[in-house]
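Dear colleague,

I am handing over the structure we spoke of, and my notes on it come after it. Please read them beside the coordinates.

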Amino acid sequence: MPAETLLPALDPMPIPGPPWLFHLLWVVTFAVHVVCVNLVLGSSILGTVASLDRDRVFGRGVARFFAELNTWAISLAITFGIAPLLFLQVLQGRFFYSATVILAPAWLGLLVLLMAAYYLTYAAKYRLRAGKGAALPFGLSALLFLAVTAIQAVVHLLSVQPDRWEAALASPWSALADRAFLPRFLHFVLAGVTLSGIVLAWVAVRRVPAEEARPAASARALFGVKIALLATVLQLVDGLWLTISVPREVLLGLMRGGAATMVPFTLAIGAGFGLLVFLARVRDPIADRTSVRHALELFGLAMVLMLVTRHQLRGLYLAAAGARDTPATTDQWGVFAIFLVAFVLCLVLGIVALVRSARDRPGPGRATA
Amino acid sequence: MDYPMREFAAGGGVLIAVVAILHVVVSHFAVGGGLVMAVLEGAAVKRNDRPLRDLVKRSSTILLLLSTVFGAISGVGIWFTIGVVHPAATSSLIHTFVWAWATEWAFFLLEVVTALAWVATWEKVSPRTHLLLIRLYAFAAFMSLVVIQGILGFMLTPGRFPKTLSVQDGFLNPTYLPGILFRTGVCILLGAAWMAFAALLEPDREARARLSRILASAGALGLGIAGIGWFVWERALPASVQRLFLGEKPLLATLATGRAHTLRMLVAAALLVLLVLLLPKLQSWPVAILALLAGAGILAGYERVREGVRKPFVIAEQMFSNGVLVSEIDSLNEKGVLSKAVWATKEAGGRTVPRGEAVFRAECSSCHTRDGYLGIRRLASAMDADLAEMFLTAMREDGEAWKARAAGKDAKPGYPFMPPFVGTDEELKALALWLASLNAPAVAEGTHAR
């Protein structure tokens with residue numbers, strides 16, 4: 001049966017605002033979500049690697065850093081995942097729901113995997129705080145997060161290719177046969193490892209450490225930089241693989257999109273090469289603190305630009321599938337204003353809470369909570 | 001109904017119920033725990049009460065591990081589940097209330113950040129800063145309840161929304177405030193019930209009894225608010241629905257039993273609270289577990305009744321639980337339900353589904369399984385093809401009554417708890433034959449005996 005006839009109809013309820021607003025909010029909130037997801041993935045992998053290090057003091061120190069970081073990153077990844085999911089459903093709900101129904105066992109199983117991975121991270125954190133090893137809980141959590149990433153990647157790819165739905169319903173494993181699946185999955189994983197490596201290095205050297213702490217800080221930063229360098233080299237290879245794995249008509253759409261599509265794509269690749277240069281230059285991370293910081297900034301730039309390209313590719317995939325209906329829109333500016341006020345209020349209060357938590361350190365003899 | 005379809009062995013409704021009940025028990029604790037902990041930490045700081053402060057500190061770990069992990073993921077889980085079971089309804093709700101949901105998300109963001117900061121800063125920041133964190137958390141958690149109740153209430157009592165299509169009318173619906181009142185009471189009760197476990201870890205016996213009594217007082221307050229909330233909520237429901245509670249329709253007995261169950265749980269929780277208030281030294285793990293189960297039972301009963309009352313709609317007066325819109329009854333009768341439900345003939349695994357079974361999948365499988373919950377084989381066991389056809393024809397005639405009701409007229413469908421049958425004569429006959437075939441040997445034997 002032709003894919004067009006299997007495509008669910010547009011929701012009769014109009015979109016409650018201009019589509020550009022939803023696209024904007026989708027990309028912005030997704031960017032924050034992806035930063036957190038990258039940290040979660042990378043930290044769980046690097047935490048496992050560090051837990052297996054023969055130098056226990058170094059390894060457990062690094063593992064504990066990632067365990068502490070991850071309990072925050074996972075919560076924020078989940079929370080910041082809600083908003084883009086909301087906006088995605090407004091704009092492209094019929095594609096998203098269809099893919100999740102077809103892959104329902106995996107999609108719903110994702111929740112169990114995510115919860116188990118999160119509790120394992122807490123188990124690793126508490127074990128490391130007690131001075132014990134945490135390779136097993138960390139390793140298991142990393143495996144589960146990788147599985148969650150794979151499910152997300154496959155659901156996304158299926159959602160934008162309605163012509164593959166019927167086959168995927170008949171045989172769900174066939175969804176994994178998408179040429180773009182593996183490079184796309186690796187793209188996420190490598191980005192996660194790169195970011196976590198750079199964050200480890202940056203936290204270790206962002207301030208000049210005291211003399212006695214210099215060797216440990218330097219070792220930690222070098223570990224982060226080397227891992228990030230390796231992951232970035234692999235990312236460039238994988239990026240090429242991913243590009244040629246995308247369906248021809250989608251790739252042609254990207255190439256023919258003019259400055260709107262080619263500028264972000266080209267700049268993202270350029271930022272990737274720049275990142276490689278900065279990471280390769282670091283010999284003494286304490287002396288080259290600026291390079292570490294620039295590497296972090298370039299990673300952020302490359303990621304944002306890649307997200308723009310990713311968003312454009314999604315549209316090109318759907319255009320290639322013949323989904324060109326224009327949904328009706330309506331205005332809900334009053335309710336939108338309430339959201340905006342609530343969001344700004346919560347953001348300000350959240351920042352106040354975090355700043356006060358970080359700065360308020362009562363001196364000796366003063367009461368603490 | 002034009003989405004791909006999945007049948008779940010236990011039924012999609014049961015799947016949603018399991019995820020939803022687990023989530024609401026934890027999420028209500030997240031709200032109530034925040035409120036109770038904010039008050040108790042304030043009192044502990046004011047009176048320099050060490051055991052009370054330790055109680056809150058121990059409870060904070062439970063709050064973090066339950067709220068930010070299980071609560072957050074199961075909350076997303078409800079969304080995932082309803083999206084898989086009722087994609088069209090989820091889409092419709094999202095289109096109507098996206099900004100309300102986004103507002104709830106903003107409060108949830110503050111809730112998560114402050115919960116993490118609050119738990120991480122014990123013994124690190126001043127009591128004042130620490131109090132600020134838990135108060136911000138309690139505020140954010142309560143506000144997320146205030147927002148989400150608007151959407152939950154809308155699904156049950158949309159108020160003037162079908163006529164005005166105004167989000168405000170849908171949000172500020174008749175059961176909005178009563179629902180908030182009831183849920184706030186249950187939140188406080190569950191907050192106290194979860195904290196009771198942390199109180200049992202207090203090593204000093206006298207202090208343990210005192211803490212248990214404090215928590216029992218909080219529980220009593222919550223129960224009182226919940227009781228009033230339930231009373232007002234029931235009265236905010238349409239009179240026709242209230243009559244169903246009292247068993248007007250024998251087939252809706254589950255609704256009446258759901259209500260009775262909720263009230264029984266309220267009484268059980270009240271007795272346990274009273275026991276700990278009067279004899280706090282009797283507080284123990286079994287009592288605490290029973291109190292928690294009673295609190296969870298109240299909520300589960302309420303959710304069961306709420307879901308039951310809503311039937312046969314997933315969005316009252318607009319969309320039936322099988323995804324059929326009231327507005328498309330006529331067109332589906334003319335063109336056939338399978339003209340829209342194109343996926344009903346395609347099953348996971350690749351089997352091509354026969355027509356009658358496909359009609360069942362399209363129209364019935366959102367509530368009925370084959371052999372599990374509301375199993376159709378058992379329900380149709382007394383039907384042969386002729387009887388099934390008569391039954392379905394009567395259900396199709398109900399479509400007129402549903403349309404009239406949606407237009408504001410006083411019409412009573414013959415089967416008020418089920419969507420009307422929609423589809424062509426051929427589809428109706430195909431479904432009747434398929435229903436009869438489910439119990440073919442039994443029917444054959446019965447015919448032979450006659």
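Predicted model: local features only at pLDDT ≥ 70, side-chain atom pairs only at ≥ 80, totals over all residues.

Residues are numbered from 1 along each chain as its sequence is written, and chains are lettered from A and ligands numbered from 1 in the order in which they are written.

Chain A is assigned domain 1 (16-167) and domain 2 (179-322), with bounds that come from an automatic or database domain assignment. The centres of these two domains of chain A, taken over C-alpha atoms, are 18 Å apart. Between them, 26 residues of domain 1 are in contact with 27 residues of domain 2, a contact being a pair of residues whose C-beta atoms, placed from the backbone, lie within 7 Å. On the domain 1 side, the elements that give two or more residues are helix H2 (19-51), H3 and helix H5 (135-159) of chain A, where helices are DSSP runs of H or I with at least four residues, numbered from the N terminus. The largest share of that side, eleven residues, comes from H2(A).

Turning to the chain interface, 61 residues of chain B are in contact with 59 residues of chain A. Helix H2 (50-85), helix H3 (87-120) and helix H4 (127-156) of chain B are the elements that give two or more residues to the chain B side, and H3(B) provides the largest share of that side, 24 residues. By class, the chain B side divides into 39 nonpolar, 17 polar and five charged residues, with Ala, Val, Leu, Ile, Met, Phe, Trp, Tyr, Cys and Pro counted as nonpolar, Asp, Glu, Lys and Arg as charged, and the others, Gly among them, as polar.

Finally, the largest nonpolar core has 257 residues, of which Leu86(A) and Ala269(B) touch the most other members. Such a core is a set of buried Ala, Val, Leu, Ile, Met, Phe, Trp, Tyr and Cys residues joined through C-beta atoms within 7 Å, and a residue is buried if 20 or more other C-beta atoms lie within 10 Å of its own. Leaving aside neighbours within four places in sequence, the contacts of Ala269(B) include Leu189(B), Leu223(B) and Ile298(B).

With best wishes

Definitions and conventions: Buried ≥ 20, exposed ≤ 12 C-beta atoms within 10 Å, placed from the backbone. Contact = placed C-beta atoms within 7 Å.
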